[in-house]
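Please read the points below with the model open beside them.

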Amino acid sequence: MLSEMNYPEKSCEIDRLVTHPKLVESALSGTKTQQRRDGLYAYPGESFTLKNVLFTVTAVDRKTLGDMTDDDAKAEGYPNMAAYKDLILQMHDGMQWNTSHQVWVHQFEKTT
């Protein structure tokens, strides 16, 4: 497991990693196991709580939007890539889908 020293400084706190109510429910049900963010919100081994359920970040990788697959979209809590892309573009007014745009992929699992 990589240490904090192998990553840049976090741009946001871990408690902001998964916040949308539908995505919280997806994580609690076990269907959401990844969260992409522009910034680094957590390091591997860190934990966070959603509705009294503990989750641990198992991996953090730097990837592009073009690296995403349908399986990744499902791990994000969406039925497929098209649904993920549509929602992201709706949430971020004026955003263009740039396949070379880099994001941090935070992978996590329930620990309780």
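1. The radius of gyration is taken here over C-alpha atoms, and the globule rule is 2.2 Å times the number of residues to the power 0.38. For 112 residues a compact globule would have a value near 13 Å, and the chain, with 14 Å, agrees with this. The C-alpha trace spans about 35 × 30 × 25 Å along its principal axes.

2. This is a predicted model, in which local features need pLDDT of at least 70 and side-chain atom pairs count only at pLDDT 80 or more, while totals for chains, interfaces and linings use all residues. Residues are numbered from 1 along each chain as its sequence is written, and side-chain values use heavy atoms, with hydrogens and water left out.

3. Helices (H or I, at least four residues) and strands (E, at least two) are DSSP runs numbered from the N terminus. The chain has 3 helices and 4 strands, in the order α-β-β-β-α-α-β from the N terminus on. Contact means heavy atoms within 4.5 Å. Among contacts between residues at least 6 apart in sequence, 73% join residues at least 24 apart.

4. A residue is buried under 20% relative accessible area, exposed over 50%, and partly exposed in between (1.4 Å probe, protein chains only). By this criterion, 39% of the 112 residues are buried.

5. A nonpolar core is a set of buried Ala, Val, Leu, Ile, Met, Phe, Trp, Tyr and Cys residues joined through side-chain atoms within 4.5 Å. Which members of the largest core touch the most other members? Of its 30 residues, they are Val-18, Phe-48, Leu-50, Phe-55 and Tyr-84. Two or more residues each come from helix 1 (21-29), strand 2 (47-50), strand 3 (53-64), helix 3 (81-91) and strand 4 (102-110). Beyond its neighbours within four places in sequence, Leu-50 is in contact with Val-18, Val-24, Ala-27, Leu-28 and Phe-55.

6. Helix 3 has Met-81, Tyr-84 and Ile-88 buried. These residues line one face of helix 3, because they fall within an arc of 65° seen down its axis; the arc is that of the directions from the helix axis to the C-beta atoms. Their cover includes strand 1 (34-37) and helix 2 (70-75).

7. Gln-35 lies in strand 1 and counts as buried, because its relative accessibility is 8%. Not counting residues up to four places away in sequence, Gln-35 touches several residues, including Leu-17, Glu-76, Trp-104 and Phe-108.
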